[in-house]
Structure formats: C-alpha cells, structure tokens
Amino acid sequence: MDATSTETPTPPGTAPNSNNYRDKGVSELLDIIYLDTTPAVDGDVCKAISCKIKSKELSLVSVVEELGPRLTSTHVQERSKAVEILANVFAQLPSDFLNEKELQFIVDFLCDRCKDQHIVIPKIIMCVLPIVKCKNLPAGAGVKLLEQLFKEANIQSHIHKIRHSFFKSLQILLNSRLKEIQNMSSDFVMNFLQSMDGEKDPRNLLLLFRIIPCIVSEFELGPFLEDFFEMLSCYFPIDFNPTVKVPGEEMVTRDHLANALHICLSQTNEFAPFLIPLVMEKLESSSVDAKIDSLELLRLCCERSYVPQDLHSFLGQIWHAMRKEIFLGGNDKVEKKCYDFLRAAFKMISEDTDILNTCLTMIFRECRSHLSEPELRLIMPTANILRCITESGETACISVVRFLFPVLYDQICIKPSKSEKKRLLDIWETIINTCREYTQIKFNELVSTWDEIRGLWFTLLASDDWEIVQIVVKIFSHVIIVDTDFQKEHRDMLQQHLLRLVQTSFSMPHDTRSAIIFLSRRLCYFYGEEFSDSTIPKLLSTLSHSTPATDSLCEYNCEGNELCAPRALSCTVLGECSHLHPITFQKVVAYLLAKLKMNPLELESMKCLGSIVENACTKEENDFKKKPDLDSLFTSMCVLDEIISAAFQVCMVLKERQKEDAESDGSMVLNDVTVTSEVVRNCLLQATDIIRTFLRACDERQQHQAISQYWDKKVKANGGVENYLGSIPGILVEALIGPIRPSVSIQLKEALIKWILENISVDCNTFGKQTAEIHIIPHVRLLGSLVNKAQNDEELGIHLNEIDSFLDKHLCSNSDSQAIPELDEVAEKKGDQDSSSISNGEKSNVINALIWIVKGLAMRGFGELDYWVDKIIRLLNDKVLGVDAVNHFHFLVADDPHSLNPESFCMFRFLYKQRLFQTSVDKLVSGYRIASSQPVQFNFIRALSSQLKHVPSEILFLEIDSVLPLLVASLKCNSSSQVLLSTLNALMEMMNSQDTKHKLTEYCHDLVPQLTLLAQNNPSMDVRRTSLSCLRRCTKAPTHIILPLRDGVIDNLVPCLDDPKRLVRKEAIKTRSLWILISAPGGL
C-alpha cells in the first residue's frame, strides 16, 4: 500500500465489507491477502475478486496469471496460499459461470498440483469441491480428479474439514457422473475403502453413510465384499454421544448415525452371511441399545433386500435369540422390536412355502406347550408371536388358523377356570380380528372342527360371566363378516342370543353393552333384511313396553347409567343400527313415528328417533349397500312433519301444565298416565334437537320448503307473528329458524325481531330456571343468529338501529353507577334481594341479549364491533347490572351448539374469538384501573377470566403485561369454580412457558398465599388440585424470591394432606415435598 495514501488501514482482526475493495485492482487485492492473514479479510477480498469476475471487470485468466508467480513459487507456503485463494474465488462463482474449456484447464491444473508437496494437497481438495459442482464440467474430468486424489492424497491423514470436503465432492460426482465413475470398477471400490478406513468424525461418517448405499447398489463389490462389510461392521452398533452443537453445522445424533448405518448394511443381501452372525453376537450382549439396533437392522434387511434363502440356514439361531428376548428378556423395548422383526421376517419368508413351513413348525412346537398353560406369564408373549405371524401375510395367517383353532378349542374345553378361558378367548378374538384383513380366508374350509368351535362359542355366550360374554360377542362380530363361515341358521341363533342379552341387561357392564351394539351394527350392515325380519320387531316390542313415568324412573334411578335397562339398550341398538340398511331404516322410523303420533311423550322413542336422524344426517356410514336416496326416504316418510307435529303436541301439554296448579310431586295426569314436568321438558328438548339436526342436513331448496310450511303459513294462519309465537315455546322457534341458511328468505323477519325484543324484557323471576331455558334464552340466541345472518349491510343496519334503540331504552338508566348513587346505596345496604325491586330481572335478559348480539356480530366480522363491545364494558361499571353482564360474558367466546355456529350456516370469520379477546382486553384492563370500588373491579377481573379457557395461550401471552396483574387479582374474587379454573390453567400455561414464566416471579408474594388459600378452602376439588399444581410450579422461581415464603407454604399445606379427595392429597404430597426441598442440601 502506498505510504502517502490517506485511507485509514483496516485494523487487524476486523472484518471489512467486500465493497471496500471494489475499486482496487487484482494485484492490490492479492497483496492485501498476503499482507493480512486474517480469515475474514481473506474471505472479503476473495469475494470482491469473484464479484469482479462475475461482472466481467476481470477475467479468470487474468487472476490466474496474476497468481502465476505465487503458484510456481519455490516456497511451499506461498504456493499453498495461492491455491487457497483460487478455491475461495471458485466457491463464490455460480455453478454455470465457467465454460467447459475453462473448467478443463482448471482440472488439468489441479491434477498437476496434486503432485505437489503434502502441504498444498489440502488446498487442492478444497479447490476441487466448487469445481465438481459446475454444470459444464467436461466428460471424464471428474474421474480424472478422483483418480489423482486417490493416488496422491492420503485422505485420512488430513483434518476433518478437508476430509469432509473430499467426501462431499465424491457425493456430488456419484450423483452427477455415476456412469463415468462406474468405469473405474473395482479400483474405485478399493480406493474408496482406503479413503474411508479409520474415519471417526461423526459428521464425516454421516456423510459417508449417505454415500455408501449408492456404491453398494451401483458397483460390483466382487473380492472387496467382505472388506466392505468389515469396514461397516466396525461401527455397529453405534456408540456415540453428541457434544454441544456447533453453530452453523448440522447436529449429528446417535439416531442419525444408527439409521444411516442400518440403511447401508441392509442395502444388499450379499452381506447376509457376515451380518446375521454379527447380529446374533450383539443380541447376546448385555447392552439394550445393541439389542435394539440389531433387531432394527434385521427388520430393515427383511423389508429391503433379503430373500427367504438368506435366513434359511440361520432360522434356528434367530428363533433361539427371539424366544430368549420375548420369553425371558424382560425389556419392553427389546420385546417390541422382536415383534416388529418377526412381522417383517414372516412377510418375507412367506414367499417360500417350504421355508415358511419349516419355521412355523419350529415355533408352533413351542407355542403349543405355552398355550396349554394359560395361567403362566408366557401365554401373552405366545399370543403376541402368533399375532405378528398372522399380520405378516395371508399365507402365514392360514397356517396359524390351522394350528391355533383346534388347540384353543381343546384347551377351553378342558380348562375349568374362567380366568384361563378369558385369556384363551382373548387370544382367539385377536387372531380372528387380524384374519378378517384377508378377505379370502374362510374358517370353515381351513378348520375341520369348525362346527364344534362355533357350538362352543354359542355355549359360552350363555355364560353368567359378563367378561366371557363380551369376548365371545366380539368374536362373533368378526366371524359373521364371511357368510360361508356363518350361515343363516347360525345367524338366526346368534340374533336370538342377542335378544336374550338385551332382555337381561340390567347389570351388564358398559364394555359388554358396547360389544353388543357393535355386533348389532355388523348384523344390520351385512344382513339387513334378516336383521329387520327377526331382531328389529322384538327390539321395538321391548321399546314399547314402557310408559313416560317408567321412562323417567329408568333414566334417573339407575345410578346414572342410562343403558342399564333392556328398554334403554334396545333404544340405543335401534338408534345405532337403523341408518345402516334401508329396510331397517324404514321399519324402525315408521314404527317410532306412529308411536309418537299416538303419544308424543314417549321419551325413549323420541331419543331413539333422534339418534337415527343424527346418524343418518351427519355420519358417512349412511351409504346403504343398495344406496337409496336418503332424502327421498325422509321425504316419503314425512319425518320432519311428524316430529314437528309431535313437538307442537308437547308444547300444548307444556302449556296446560303451566296453567294448572302443580301438585306437590310436580306431576300431572295425561291419558291415565302420570307424567312429570321433567319428562315433558325432555321430550320437547329431544324433539327440537331432531328438528335442528334435520334442517342442518337439508339443502337450500328443502330449507325453503320447510320455512314456508312451518313458518310462513303458520304465521299467516295464526293471524300474525305475535299470536303464533305466543303459542309455542322459544326453543321450538329457535330449532325451526336457527339452522336456516342466510340465503333462504324468512318472511316477517323484522316483526320476529321486534317481538323477541319486546318479550325478552320480561322479568326472569316470573319463570323458573327451566322455563326460562325453554322460553327466553332460545329467543335470545335466535336474535344473535338473525343479526349474524343479515344478508347485506342495509338489512343489518335496520336491525341494529332497532336493537340499539331498545337497549338504550332499557339499559341507559343503569349504565353508569355514578349517575345513580341512590342505587349504589340500595345495593350496598340491601344486596341482591332489593335489586329485583327495580326490575333487574328484566334487565338481566336484556343484557344476555346484548351479549348474544355482540357474539353474532363478532362471528360475522362486523366492522363497528368496538361500539357494541363498549356497551357491554360500560355495564361492568354498575355494581348491580355488572354482575349480570359478567355472568353472561363468557358466551362471547364460548362455542354454542344451538344456533350461533358454522353448522347452522352462520357467517363465520376465522379467529373471531382471538379478535374479540384482543378487542376487549384493553378495555377491561383500563376499566379495572379506573374502577371506583372493589366490587366493580371484580366485575372487570371476572369478565377477563371468563374468556381465558376459550382463547389460545399464544394470544394470551401477547397481552401478558397488561393481563397478568388482573389474573393474580382474580384469585381473590368470589368467582365460580369454572372461572377460577380458567384463571389457574392460564397461570399454569404461563409457568410452563419459557417466554412468560419469568414475568410471574414479580407476583410470587401475592400469588403464593392466594394459591395456598384456594388449596385449603375452595369447595371445588378441581380448583384445590389445580391450585396445588400451580404452587408446585412456583418452586421453579428463583430461590431468593420464594425462600421467604417456604415455611408458610409448608405449614399451610398440612391440612391439604388430609383432604377428603385422594387426587388432592396426592397433589398436596408432591407440592409440599418440593417446597421442603427448596434451599435444602441436595434439594432444589
């Protein structure tokens, strides 16, 4: 550099940008490299040179000419540096930049340099890598480079980086110039073995293991076969523990190396004579990892390359090793790998019948002895072996059936113990279930004692042991699929047994009932006509032997188990099976409709029909084998007409019931039968569920017909909306209108909305809770649905203007607690009882309506949502009405199964819950901070907490700084258990997250005492248990923060150790133990 230059030199050790060298010539750039040996400077300068070459400012020839004196220097270090500069420059050039002539010149130069001193060789290898990547590499050039490097460069004598560069070059050439390299034949294999021999670096080994499968597949190993295997076998099994990950490099794990090595060893079956003895040796070792790797390798060999003859001479050794690990090993992971290998091995061996029979004979000989002693522990491993063989293929499965069925039959006949029979039947059921995967297997043709076996199963079906009955029912469920195995007379007998089981199902366990239902579904699906003729009439007869009163007794006096009675089980079977076959469907639905027409209060019939409609409308199984049009079946049978007619009759009964004075037992007499209000209500709920499900499944044309018949015409016939809606409960109106598509026109929609607004303001205290759920709440939900489904902004604006005026009229007087101080005084002095005297019962319904309207707008993605959310937030400032607003606040983000959901064709904008939460959270936090009193603060806290379980934790974490203080404060509120649980779960997620748990440490002094109180005193078991879980996670906070709290927590958790609930006691022991260990010697 010129001494007179004013440019400030770059300090050594810094990394200047390559743009600093743009104006310098190649000679100056090379001088910089030789004067400053800093790697960063070298890289920047070489990058600047390559940029000049790419921009045609320099030619590659000029760079080489400038390096000429250095390339031919008598000093080795200078020659090495010059080659390194070339390598760095080549690495910066695009793969298609150099032409064929230039590349040929470079290749000749590099081959000549390979004869240089050993110090230059590493730089030559580094220079080869960018050259072999070039697309215009001349034919034969890659082979020429390889031959010269194999000859002159002792690869294993170089450092890891150089070896990796060579192996990477080799991989590229094998991928792009395989045909040329194959001409090297055995010389390439020999040289490759020499270059790899002794490699220990895991990064290089992983690269080599990815190269070797190509070499094994594409090259004739010939005399080097055993040498090649020996080279690979020295790495098996992999014994490697990864160190700290190096930034910028791929993290190599033991699994990476093991999986790659297994692929190499399993690439060809030529390794079999050497590999199998090696694997047998490793299986004898005490290392679990070695055993797992050996079994995994054998499995891969069977799946990828081996043929039956490769294992033939080793079958005895392999079986000896397998039986040792399965029967005596005691390690679950090794045992599982044994089963995986057996499955793969028999799938491969099945290609040769003679070898398969030899192997099976050896295994069956030992399995027979174990099957004769089902009380011993070897019975289950034996069953697993037979299952693996069965799963391997149809040929092996046939052999297992021929061997196993007679053995199991003999053993069950002679074993008196029920427990032994259960084990054997379990094995039988598992094998039969697997056999049904092969459609060509027919048991009656394979087993000579098939009739006796079938008779044995029928005998066991009459057992008094429900577990045996359950297993046999499962067996029949699999067997009946093939009609030749189970002919008509046997199916008739099975259906008789099925009916008998239904009739005696009073104490039947749940699993046995599930098995009976599954068998019924199979019979109906495969033999629908027979099932309809013989079983369906008797099930319907069982269903008809009931009255509404006994329905109620059956449902509510069976220890909470709805399927404990024969009638209830018949109902379930009919509901689950009827939609699977058209004849069954027509017969059952016609019967139920006729029965409901005579008596609409048949609750079991209503439930059964509801299950059928739900399955037929919502499940994919309704493709009948002869596939009639489901729509035509419903239309011709007038299902919707009959259900709506029954629903109207129930409404009339309900209306009469409300007019009469209730007796002390809350019952009434209908058609000489005593029914309860609960039965009437349940019948109405079930009928509306059926109507809703049916209408959701209808297309637009069908919905238009339904709304025309059951709304437009009915309203006209009754003289207007007011008269019609006044005669039927709101839940029926919601079921009729709620599922309708927005594109289906509903006449008098404005009158409907106006009527709802006028009638939801009725004081809820005038009705009971259940009556309000039938009349008022459905109207509120329907109002939100109608707002959501407004077809355009104009229609929506009309609705919202009317609703806004209504809300202002009913809520404005109480929207601000400071505007009515006398109300605050009343609320403070007299509490909630006095609030009813100022019509807060009416306002509660109006607030609920506001919540559902906002929910509908939020789902729709309404642009002016903030205005409506503000209306709710302002209500929280009122000490009286704020409580009602909080109680309904969770509906904003909770899922609604009735009207406001995508299934009912509501307008649904994705992620509306997250947007609604983010819209409200800032307003709630601000309201909390400016609240005038503690009760008002609690309103804001509870409103926030009620949303937490419906919002993803990722969204919550975004607002953690503002939300966290409120969550901690919410634990002090007198909230419901559900609100507390949502808060506690949110806190737990924050404690588990690495990004947020440090924020909680600031609140430990407030959080820990409150969690302790909840764990001690809260009436909810879930709250106590979750509080203890949070306390346990608090022990991960820094010791200096939680140490002052330790003694208090330890003392206060003593009562939790005597909690009446075992789960709470268990959690208390874990939590208290961790707190004791804080700052203890050897502790946390």
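**Salt bridges and burial in a predicted model**

Modeller: In this predicted model, the side chains of Arg-203 and Asp-201 form a salt bridge, with N and O 2.9 Å apart.

Colleague: What makes the contact between Arg-203 and Asp-201 a salt bridge?

Modeller: The N to O distance is 2.9 Å, and the rule asks for a side-chain nitrogen of Lys or Arg within 4 Å of a carboxyl oxygen of Asp or Glu. The pair therefore qualifies.

Colleague: Why is Asp-201 called buried, and why is Arg-203 called partly exposed?

Modeller: Buried means under 20% relative accessible area, and partly exposed lies between that and 50%. Asp-201 has 12%, so Asp-201 is buried; Arg-203 has 26%, so Arg-203 is partly exposed.

Colleague: What does the salt bridge between Glu-325 and Lys-291 tie together?

Modeller: Their side chains meet at 3.2 Å, N to O. Glu-325 belongs to helix H17 and Lys-291 to helix H15, so the bridge links parts that are 34 residues apart in sequence. Both Glu-325 and Lys-291 are buried.

Colleague: How far apart along helix H15 are Arg-299 and Glu-303?

Modeller: Arg-299 and Glu-303 are 4 residues apart, which means a separation of about one helical turn. Their closest N and O atoms are 2.8 Å apart, in a salt bridge.

Colleague: How do you know that Ser-169 is buried?

Modeller: Its relative accessibility is 4%, and the cut-off is under 20%, so Ser-169 counts as buried. Ser-169 sits in helix H8 and touches Val-128, Leu-129 and Val-132, leaving out residues up to four places away in sequence.

Key:
Residues numbered from 1 in each chain as written. Predicted model: local features only at pLDDT ≥ 70, side-chain atom pairs only at ≥ 80, totals over all residues. Heavy atoms only, no water. Helix = DSSP H or I, 4+ residues; strand = E, 2+ residues; numbered from the N terminus. Buried < 20%, exposed > 50% of the residue type's maximum accessible area, 1.4 Å probe, protein only. Contact = heavy atoms within 4.5 Å.
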